[in-house]
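Please keep the sequence and the model at hand while reading.

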Amino acid sequence: MNDLRSVAERLTQRFPQDVVAVAEFRGDLSVTVRKSALLTVGRFLKEEPGLEFDYIVHVSSVDYPTEPERFEVVYEVYSIRHRRRIRFKTRLSEADGEIDSLSSVWYGANFMEREIYDMMGIRFHGHPDLRRILMPDEYDEGFPLRKDFPLQGRGWRDTFEFLEPPASPAAPSSKDSP
Amino acid sequence: MSQTGPTTLPDRQPGSARRPDLPLLRTEELMLNMGPQHPATHGVLKMILDLEGERIVKATPVMGFLHRGVEKLAEHGTYHQFIPHTDRLDYVCAMYNNFAYVRAVEKLIDLKVPPRAEYLRTIVAETQRIVGHLFWLGTQALDIGAMTVFFYTFRDREILLDWFNELCGARLTTSWYRIGGVERDVTPELIAKLSKFIDEFQAKIGECNLLLEKNRIWLARTQGIAVVSAEDALSFGLSGPTLRGSGVDYDLRKYEPYAAYGDVEWNVPVGRNGDTYDRYWVRIEEMRESCKIIRQCLERLPDGPYLADAPTVVLPSKDKVFTTLESMIIQFKLFTQGFKTPAGEIYCGTEAHKGELGFYIVSDGSGRPYRLKIRSPSFIHLGAFDHMARGYMIADIITIFGTYDIVMGECDR
């Protein structure tokens with residue numbers, strides 16, 4: 001655990017202006033950095049001797065619609081040499097909606113960031129191929145994992161041609177006859 | 001028998017069949033659409049291939065045909081209710097998904113699991129790993145053209161699926177793991193059946209291997225195909241046998257031991273050349289290691305409860321629910337409101353047979369996850385597809401699909 005704290009200390013020393021918060025919960029260390037420093041912090045974590053976080057674990061995002069800086073983008077990386085992991089994240093507002101892409105630092109971030117864009121609508125500056133990845137290309141109902149997106153969707157699904165119109169409950173069904 | 005012992009990775013010249021150096025003919029690039037329905041894509045996956053003659057210039061995977069919005073659904077149900085959804089992620093290996101999920105929730109609420117449950121979990125997880133690798137071996141060999149292996153591996157897989165059926169009443173969608181332990185205990189007959197299977201299985205792996213390890217077609221189509229360097233593999237976030245085939249010793253069971261993996265002796269097989277053959281070798285060796293783990297766990301299986309004593313979290317047993325009022329109320333409350341979790345966020349990765357299956361859970365202190373993100377190895381492996389396919393022949397596409405052991409249910413979520 002001390003091991004991880006030293007990583008946090010190195011980050012705070014190197015980026016005193018940009019590290020906003022350091023939190024520890026159940027043995028996971030997470031560091032919040034300013035949006036403008038995301039790319040530099042990412043590079044530092046990957047390339048600095050003694051840190052060498054060379055393996056990208058996941059990229060996620062969280063939506064807090066009531067807060068001014070609505071979105072949180074979360075990166076988690078692991079160091080094979082030192083066998084430790086760290087999570088670093090940044091906040092951004094909906095009006096801004098764009099952060100630097102880390103796909104130049106870890107190649108795997110390419111797909112993971114595309115998924116974040118697809119699901120939450122956060123744009124990644126400098127991303128080589130920012131398109132929808134899981135939803136269809138022509139999908140235009142918005143971004144499904146935002147908190148204000150209804151669970152049942154916004155009605156596009158009901159327009160599919162192969163769906164029959166819902167039968168009214170009062171009408172007797174012919175299928176019931178033996 | 002000579003094939004039963006652990007084998008060593010055969011020495012050979014490292015190399016790649018990738019030929020980017022060949023002069024381009026520059027006549028006309030052909031764009032070929034492969035899928036979404038293709039028997040070798042193991043689900044519905046479309047691949048747009050830019051071809052120069054028979055050589056792949058660029059491969060663009062198009063996925064999402066199986067997207068069901070599982071992460072969104074998770075935000076609308078309690079923690080217990082999400083367990084059956086995890087079965088449908090990687091639907092050929094549901095046990096491991098259950099395991100990864102319940103471990104993440106237990107980390108969030110800081111719940112200790114009784115030792116017997118830890119051992120049972122390890123045994124079943126390793127059994128599932130064998131099932132997964134057998135499935136992979138059969139289908140990869142079938143895709144490449146060696147049909148017999150498929151019958152052998154599915155014969156053995158069937159025995160284990162029947163064993164699962166006896167254990168929890170389902171062959172594929174198992175939902176056997178519970179937050180705080182497992183759904184039910186094993187019976188002595190089940191233990192006897194599993195030990196018998198493990199005893200016979202070493203020879204059976206040899207049987208499958210005999211058809212492949214010296215098979216010239218198999219070697220020609222796997223050695224030097226889809227080579228990825230250790231550095232690139234890490235940067236892409238590859239994990240599991242796909243990463244270990246490139247020579248990176250990264251196995252969460254070993255380096256962040258959970259369940260009973262810390263108590264038993266086993267090795268992490270690590271490849272060298274980062275090609276399809278080494279990944280095949282890693283998986284074969286992993287099945288042998290799984291047998292070791294299962295045998296040791298069966299020998300040391302401790303007595304005691306198989307569910308944690310935490311009535312605010314763990315579901316009461318069914319016989320109590322139907323006979324006592326309190327248990328009925330607890331059951332009702334746990335399913336309608338769920339249990340409260342401390343606010344916070346955790347990531348918990350589990351070494352499933354495809355790679356690192358992780359759950360990132362953000363909790364706001366309520367009974368439902370505020371955000372649940374699934375780190376699925378299949379999805380992340382597909383991110384490296386273009387990198388690993390460029391420069392190879394179009395016939396190798398099938399091999400490259402297979403070498404990741406992709407299941408689209410997990411990839412598209």
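Is Asp405(B) buried or exposed? The model is predicted, and the sections below take up this residue and several other features.

## Two aspartates in loops of chain B

Asp405(B) counts as buried, because 28 C-beta neighbours lie inside 10 Å, where 20 or more are required. Its place is in the loop between α16 (396-404) and α17 (408-412) of chain B. Although Asp405(B) is a residue other than glycine, its phi is positive, near 65°.

Asp110(B) likewise is not a glycine and has a positive phi, of about 55°. This aspartate is found in the loop between α3 (94-109) and α4 (115-144) of chain B. Asp110(B) counts as exposed, because it has 10 C-beta neighbours inside 10 Å and the limit for that class is 12 or fewer.

## Helix α13 of chain B

Helix α13 of chain B covers residues 325-336, which makes 12 residues. Gly338(B) follows α13(B) and has a positive phi, near 75°.

## Confidence in chain A

Chain A has a mean pLDDT of 83, with 90% of its residues at 70 or more. Within chain A, confidence is highest in strand β4 (residues 71-79), at 91, and lowest in helix α1 (residues 2-14), at a mean of 81. Over residues 173-178 of chain A, the pLDDT is below 50, and this stretch has 1 contact in the model beyond near neighbours in sequence. Where pLDDT is low, the predicted coordinates should not be read in detail.

Terms used. Residues numbered from 1 in each chain as written. Chains lettered and ligands numbered in written order. Predicted model: local features only at pLDDT ≥ 70, side-chain atom pairs only at ≥ 80, totals over all residues. Helix = DSSP H or I, 4+ residues; strand = E, 2+ residues; numbered from the N terminus. Expected span 1.5 Å × (residues − 1). pLDDT = per-residue confidence, 0-100. Contact = placed C-beta atoms within 7 Å.
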